[in-house]
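Please open the structure in your viewer and keep the selection tool at hand. The stops below are intended to be followed in order.

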Amino acid sequence: GDPGRRLETLHAPLRLLVTAWMYDAATRCLFTSDAFGHAVMADESGPRTVTAETDTTTLDEVRDHLVAKFDWLETAELEPLREQLAEVFEEREIEIVAPSYGRVLVGADVVRRHYELVQEALAGLGAGHATGGKR
């Protein structure tokens, strides 16, 4: 390996437990622990990655996953969280997002799309936003 290579440890804006995200500038990979795991495999034989060719993730799927995993999102003030996510994704070149669970997001366009889906889902959640039964 490269003795000069460093991983950047980041405060994890979206998390369940005290954890950190890691960013590897050499591979442009962001390891997101328990966040961004919304793209699940349909079954064990399914693809373990999401690429531009296989990406079918919808806003409803992202929103449902966020609410199921992070139930505190429905009553929290989310603007600071959205700003922290923007700092992570806007200040780095990210071509891979690797959550602890869920499929790995591969490709800059896929990563951008999923980041924007998470931001859009968060914009409709939180204090002052009623879900109206449809998430």
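Begin by selecting Asp55, which is buried in this predicted model. Its relative accessible area is 18%, and because the cut-off for buried is under 20%, Asp55 falls within that class. Arg113 counts as partly exposed, with 33% relative accessibility.

Next, move to helix H1 and select Arg63 and Asp60. Both residues lie in this helix, three residues apart, about one turn of the helix. They form a salt bridge in which the closest N and O atoms are 2.9 Å apart. Is Arg63 buried or exposed? Arg63 is buried, at a relative accessible area of 15%, while Asp60 counts as partly exposed at 31% relative accessibility.

Arg112 counts as partly exposed at 32% relative accessibility, and Glu90 is partly exposed with a relative accessible area of 47%.

Then display Arg28, Glu93 and Glu95 together; a network of salt bridges links these residues. How many salt bridges does the structure hold? There are nine.

Now hide the side chains and turn to the strands. Six of them form an open sheet with mixed pairing, in the order E1-E2-E3-E5-E6-E4. At the edges are strand E1 (7–11) and E4, each of which pairs on one side only. Select E4 together with strand E6 (residues 104–106): the two run parallel and are joined by two bridges. Within this pair, Val50 stands opposite Leu105 in E6.

Finally, bring the helices back into view over the sheet. H3 packs on the sheet, where it touches E4, E5 and E6, and its direction makes about 125° with that of E6. H2 lies across E1, strand E2 (20–24), strand E3 (29–31) and strand E5 (96–98), and runs at about 20° to E2.

Key
Residues numbered from 1 in each chain as written. Predicted model: local features only at pLDDT ≥ 70, side-chain atom pairs only at ≥ 80, totals over all residues. Heavy atoms only, no water. Salt bridge = Lys/Arg side-chain N within 4 Å of Asp/Glu carboxyl O. Buried < 20%, exposed > 50% of the residue type's maximum accessible area, 1.4 Å probe, protein only. Helix = DSSP H or I, 4+ residues; strand = E, 2+ residues; numbered from the N terminus. Pairing = 2+ DSSP bridges. Contact = heavy atoms within 4.5 Å. Axes fitted to C-alpha atoms, helices over the stretch in contact; angles between N-to-C directions.
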